[in-house]
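Dear colleague,

I am handing over the structure below, and after it you will find what turned up when I went through it. Please read the notes with the model open beside you.

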Amino acid sequence: MARVPIGSITEPRLVVGALIRDPYDRIFVQRRSADRRLFPECWDVVGGAVEEGESLLDALRREIAEETGWRLRRVLARVAHEEWTADGVRHIESDYVVEVDGDLSSPELERDKHTEFAWLAAEQVSLLDENARFGGSTFIKDVVTAAHAWLADASGESRIVL
């Protein structure tokens, strides 16, 4: 039986993603800057790691404020719960369709981390095919597509699933 050194077993890192919708059911995406260690120049959704002692909802609230300046109004649905690995670290990501308050035409991007943004309707998700060129992944396209599918199927009632 192989021995694993103490300290080499790490818990997976929890990550949240906010699939921010606007009144036209478009989803907000932002491009990561070229000097980012993970997924440089790829399109991404708002989100990041859950900090110690923080709930998923608190992490969503914080990430939205940090990356856009907007305020979380409500969570509509969880549309993805996936595991992925980057730099040898296992991540478990939960992605939520959310609504926010603030000027949706003018997000306060973290300019050192994100260079541009776009609002994507369901028929525009092919823009995210660019990610395969930079990072080889369809993950962001898949979660944005899942958000659009949920929005298309949603009945007027919102579900909050955290």
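The lining of the largest pocket draws at least two residues from each of β1 (13-20), β3 (43-44), β4 (46-49), α1 (56-68), β5 (71-86), β6 (89-101) and α3 (139-153), where helices (H or I, at least four residues) and strands (E, at least two) are DSSP runs numbered from the N terminus. This is a predicted model, in which local features need pLDDT of at least 70 and side-chain atom pairs count only at pLDDT 80 or more, while totals for chains, interfaces and linings use all residues. Residues are numbered from 1 along each chain as its sequence is written, and side-chain values use heavy atoms, with hydrogens and water left out.

In all, 36 residues line this pocket, and R32, R36, L38, G48 and W84 lie nearest its centre. A pocket here is an open set of points on a 1 Å grid over the protein atoms alone, where a 1.4 Å probe fits, with protein on both sides within 12 Å along at least five of seven lines; lining residues have an atom within 4 Å of a point.

Turning to the strands, two of them pair if DSSP finds at least two bridges between them. β1 pairs with β6 in the parallel sense over 8 bridges, I20 having V98 in β6 as its bridge partner, whereas β1 and β4 run antiparallel and are joined by 4 bridges, with G17 opposite G47 in β4.

An open sheet of 3 strands, paired antiparallel, has the order β3-β2-β7. Because β3 and β7 (114-120) stand at its edges with a single partner strand each, one side of each is left without a neighbour in the sheet.

With best wishes
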